[in-house]
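The sequence and structure come first.

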Amino acid sequence: WEFNGSFYQPPAFLMMGIPGLEALHHWISIPFCALYLIALLGNCMILFIIKKTQSLHEPMYYFLSMLAVTDLGLVLCTLPTTLGVFWFNMRRIGFDACLTQMYFIHILSFIESSVLLAMAFDRFIAISHPLRHPSILTKTTVIKIGLAIVLRGVVSLLPIPFLLKRLTYCRKTELSHSFCFHPDIMNLACADIKVNVFYGMIILLTTVGMDFIFIVLSYILIIKTVISLATKEECLKALNTCVSHICAVLVFFIPMIGLSMIHRFGKNVPPLVNTLVAYTYLIIPPALNPIIYSIKSSHIREALLRALWRK
């Protein structure tokens, strides 16, 4: 089929599961269900423990609550379409529904990046200026930071659906994943997509890219402060409070950077690699973050044990 210049917008897109393994989708859905269940229960548990434990009502755990809510949002955005493809081969998703899912996936990803930056700032203040920490990060300040994070994600990504709706599309409507992703939809267009590419790259660099740079700078300053501490025990104690956050940063940013590079430059990358990186980016962090913080945070672990003991 050749594009004849007339405007065409498909009524729906077709989602993909795991290419080449369609016959095994029912079996592959088992680990996906396990990860989704861990993510849902784990993040709900984190929120419940922080709400019920008065000693955890401090900035570090408020930011952890924001992270848990964001992870729950990511899970709920992708769970219906992913399991729909694996269980029932429900590949069709309406055009507007696809844009809506894409918008919320990207917003929540940007919010998670910003929350991780806020958590890095909290660790920097707690280690470098421990006496001023309560006065700098008050409850009001944390609420303002949370609202600013949400507002930045919503406003910066607001043009994306409209930029996609203005395009005319080819007859090919097959997406690369079981969810909607901006570069994936954009590449199905027959029109000039330079504006979409440019805007997407600028927003990615000025939000997630800047967040990552500031997180790295925060840890450079943290390490500089820790080195100046008097004893080795104090150094280890200070660094131990950052281990869970460092793990969460790596779990989130490594797959995200990999997926962005594949979509931008990896035209010869096998579809299976692209799919696996995408699932790793959207499913693994929400499942691992509660486990990481439950293992590394003695306060959460103790609160969890107390809750279980009362039961």
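G200 sits in helix α8, which spans residues 194-227; helices (H or I, at least four residues) and strands (E, at least two) are DSSP runs, numbered from the N terminus. The model is predicted, so local features need pLDDT of at least 70 and side-chain atom pairs count only at pLDDT 80 or more, while totals for chains, interfaces and linings use all residues. Residues are numbered from 1 along each chain as its sequence is written, and side-chain values use heavy atoms, with hydrogens and water left out.

**G200**
- The relative accessible area of G200 is 11%, so G200 is buried (buried means under 20% relative accessible area, exposed over 50%, partly exposed in between, with a 1.4 Å probe and protein chains only).
- Between G200 and E234 there are 34 residues in sequence and 44 Å in space, C-alpha to C-alpha.

**Fold and dimensions**
- The protein contains 12 helices and two strands.
- The order of elements from the N terminus is β-α-α-β-α-α-α-α-α-α-α-α-α-α.
- The C-alpha trace spans about 70 × 45 × 35 Å along its principal axes.

**Burial and contacts**
- Of the 311 residues in the protein, 49% are buried.
- Among contacts (heavy atoms within 4.5 Å) with a separation of 6 or more, 81% join residues 24 or more positions apart.

**Aromatic pairs**
- The whole structure holds 13 aromatic pairs (rings of Phe, Tyr and Trp, the last by its six-membered ring, pair if their centres lie within 6.5 Å; planes under 30 degrees apart count as stacked, over 60 as edge-to-face and the rest as tilted).
- The ring centres of F13 and Y169 are 6.1 Å apart with planes at 70 degrees, so this pair is edge-to-face.
- F13 is in strand β1 (residues 12-14) and Y169 in the loop between α6 (159-165) and α7 (182-186), 156 residues apart; both are buried.
- F252 and Y281 have ring centres 6.1 Å apart and planes at 50 degrees, so this pair is tilted.
- F252 belongs to helix α10 (residues 243-265) and Y281 to helix α11 (residues 271-296), so the pair ties together parts 29 residues apart in sequence.
- F252 is buried at 1% relative accessible area, and Y281 is buried at 3%.
- F32, F86, F179, F181 and Y279 form a cluster linked by ring pairs.
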